[in-house]
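Good morning, and thank you for joining.

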Amino acid sequence: MEKDPIFERYSRQIFIEEIGVSGQRKIMSSKVLVVGAGGLGSPVLQYLAAAGVGQLALVDFDKVEMHNLNRQVIHTEQHVGTAKTVSAAKQILQLNSALDFQAFHIKIEAYNASTMLAPYDIIVDCCDNFETRYLLNETCLILNKPLVYGSIHAFEGQMAVFNYKGSKNLLDLFPIAPAPGQVPNCDMNGVLGPLPGIVGSMMAMQVLKIAAGLPVDRDQLTLIDTYHWRFSQIEF
């Protein structure tokens, strides 16, 4: 008997009682937009592609630099100087050639945010600046779309799901964006490579749970401290 290529590929997900065939169909019909192909975007994109997300899209306007490679594992040395969208697309399609994948080499700004986000069911915030982060939150509120959020710094990370089935959003957690000079970033303070892999994997898990219709914690911020190896949650 000829094997079903779809079942064979995703069988280890389908075998999970809580997912099954119906859950896999939901995943394969979902539409997800990932904003940013850096440290967080790298694992998010790869795990969503591997899981068979129906339509997967990426927005990023940056180019690959050598210092990215300690953590942005979707890119390689051969792609230094290349647009991250090009580098990521090559890796993603090598992982899952049947995927409906689109990459947009643009910056999300106020004038195009609604147009970019509107076609997708779930938005994933893998960006590295608060201006874009707050814009994504605002746009998701207007369009009533769930937003999976993550951030990283040195040994520490955060992860939450915003605006999902009436849950709270970024403004409930951080009502005012910090001034640019007050925000630590990887360029100045660094980040250890596996940290975005951990946080990004957690974000991808939340995306897949939303897509499959599984329970998702709401109004909770997960704090990851890999230096002391502590994981905690706070309600907001």
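Throughout this talk, two residues are said to be in contact when they have heavy atoms within 4.5 Å of each other. Please bear in mind that what you see is a predicted model.

With that cut-off, let us take leucine 45. Leaving out residues up to four places away in sequence, leucine 45 touches Val34, Ala37, Leu56, Leu58, Ile74, Ala88, Ile92 and Phe101.

Leucine 45 leads us to the largest nonpolar core, which has 41 residues. The members that touch the most other members are Val32, Val34, Leu45, Leu48, Leu56, Val124 and Met203. Which elements give two or more residues to this core? They are strand E1 (31–35), helix H3 (41–51), strand E2 (55–59), helix H4 (84–95), strand E4 (122–125), strand E5 (147–153), strand E6 (156–162) and helix H9. Of these, H9 gives the most, with 9 residues. Another core, of 22 residues, lies apart from this one and includes Tyr120, Ile123, Phe162 and Leu173. As general background, nonpolar side chains in soluble globular proteins tend to be buried together.

Is leucine 195 buried or exposed? Its relative accessible area is 3%, so leucine 195 is buried, the threshold being under 20%. Beyond four places in sequence, the residues touched by leucine 195 are Ile152, His153, Ala154, Phe155, Glu156, Gly157, Ile224 and Thr226. The C-alpha atom of leucine 195 is also separated by 8.1 Å from that of arginine 71, although the two residues are 124 residues apart along the chain.

Glutamine 72 sits in the loop between E2 and H4. Because its relative accessibility is 4%, glutamine 72 also counts as buried. Setting aside neighbours within four places in sequence, glutamine 72 is in contact with Ala37, Gly38, Gly39, Ser42 and Lys84.

Finally, the helix pair. The axes of helix H2 (residues 20–29) and helix H9 (residues 194–212) come within 8 Å and cross at roughly 110 degrees. That angle makes H2 roughly perpendicular to H9, and the crossing is right-handed. Which residues make the contact? H2 contributes Gly23, Lys26 and Ile27, while H9 contributes Leu208, Ala211 and Ala212. By class, the residues of this contact comprise 4 nonpolar, 1 polar and 1 charged.

Thank you; I welcome your questions.

Key. Residues are numbered from 1 along each chain as its sequence is written. This is a predicted model: local features need pLDDT of at least 70, side-chain atom pairs count only at pLDDT 80 or more; totals for chains, interfaces and linings use all residues. Side-chain values use heavy atoms; hydrogens and water are left out. Axes are lines fitted to C-alpha atoms, for helices over the stretch in contact, and angles run from 0 to 180 degrees between N-to-C directions. Helices (H or I, at least four residues) and strands (E, at least two) are DSSP runs, numbered from the N terminus. Angles under 35 degrees count as roughly parallel, over 145 as roughly antiparallel, 65 to 115 as roughly perpendicular and the rest as oblique. A crossing is left-handed if the near helix is turned anticlockwise from the far one by less than a right angle, and right-handed if clockwise. Ala, Val, Leu, Ile, Met, Phe, Trp, Tyr, Cys and Pro count as nonpolar, Asp, Glu, Lys and Arg as charged, and the others, Gly among them, as polar. A nonpolar core is a set of buried Ala, Val, Leu, Ile, Met, Phe, Trp, Tyr and Cys residues joined through side-chain atoms within 4.5 Å. Buried means under 20% relative accessible area, exposed over 50%, partly exposed in between (1.4 Å probe, protein chains only).
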